[in-house]
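Reader: Before I rely on the labels used for this model, I would like to see how each one is reached. Please set the values against the definitions.

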Amino acid sequence: MPSDSDSLQPGRLAPIFLLTALIHGAALVTRFDVIRDMLPEYVHAAVLTTQLPLLLITGYFESRLDYGPAMPGFPVWMQIRSRPVKWSLTLAFTYLAVFALQTLDWSFGPIDPTPPLEWPTAQRAQWFFTFTFGMAFANYLAATSILVPALRVISKPLRRLPTLVALLLLAAAGLGLSLAALQAIAVRNGPLVAELLAAYEAARRDPVLAAGLSLAAILGPALLAWLSGALRRKPTEAARTDS
């Protein structure tokens, strides 16, 4: 649980988590190949580079939420008492999982978000959305078991900093890691990384468009946080933190 000096109420940040949930959900929709083929490559490049910094920012705000009293020993998925938070974390995890499965051409038994190409479009869409949005609860359990603990550890030291500084550091770190990963993949060959190579080259060809979309998705939650007052600590809170 966050300390009293930097804790925030879930309802206060609900619009931020709703916005990040929409961004993660839109990114997930782009993984359906019919939609994926309709979008230019620089959009995919922006989506790829946006997800990690946005996830770090989401985790930072989640780590500062005060959900109220909880019974000791309760699992994390039972402690989170905010639907927007659940939606955002679930969709972020689902996107990362689907991206990994499709890129590496993996499946877990019958769980495979990629439908056979020979199926009709309607049947393929039903299959895709069943194994993505339709598995929301299972993905939420996985997100709270994998993502949330890691994000809380990363966010804990940053809560000592002013919120704006913490968000800038997280955004820079996330973008740096995303671009480094794309650049590292760009030196490899093979069908498994063909899509990533295309996204990397698209980002190089259209850096303004790719960067513009990425920054809009990343700065949107930060701007909303500023408008809601989440970036501005009360004097009494700052005094308690300094002491």
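**Labels and their grounds**

Reader: Why is A180 called partly exposed?

Author: A180 has a relative accessibility of 42%. Buried means under 20% relative accessible area, exposed over 50%, and partly exposed in between (1.4 Å probe, protein chains only). A180 therefore counts as partly exposed. This residue is found in helix α8; helices (H or I, at least four residues) are DSSP runs, numbered from the N terminus.

Reader: What kind of model is this, and how are residues numbered?

Author: The model is predicted: local features need pLDDT of at least 70, side-chain atom pairs count only at pLDDT 80 or more, and totals for chains, interfaces and linings use all residues. Residues are numbered from 1 along each chain as its sequence is written, and side-chain values use heavy atoms, with hydrogens and water left out.

Reader: How do you know that α7 falls short of a straight helix?

Author: The expected span is 1.5 Å times one less than the number of residues. For the 20 residues of α7 (136–155) a straight helix would reach 28 Å, but the end C-alpha atoms are only 25 Å apart.

Reader: Where is the kink in α7 centred?

Author: The kink is centred on A143 and is about 40 degrees; the bend is the angle between axes fitted to the seven residues ending there and the seven starting there. A143 is also among the buried residues of α7.

Reader: What makes a set of residues a nonpolar core?

Author: Its members are buried Ala, Val, Leu, Ile, Met, Phe, Trp, Tyr and Cys residues joined through side-chain atoms within 4.5 Å. The largest such core has 30 residues, and α7 gives the most to it, with six residues.

Note on methods
Helices (H or I, at least four residues) and strands (E, at least two) are DSSP runs, numbered from the N terminus.
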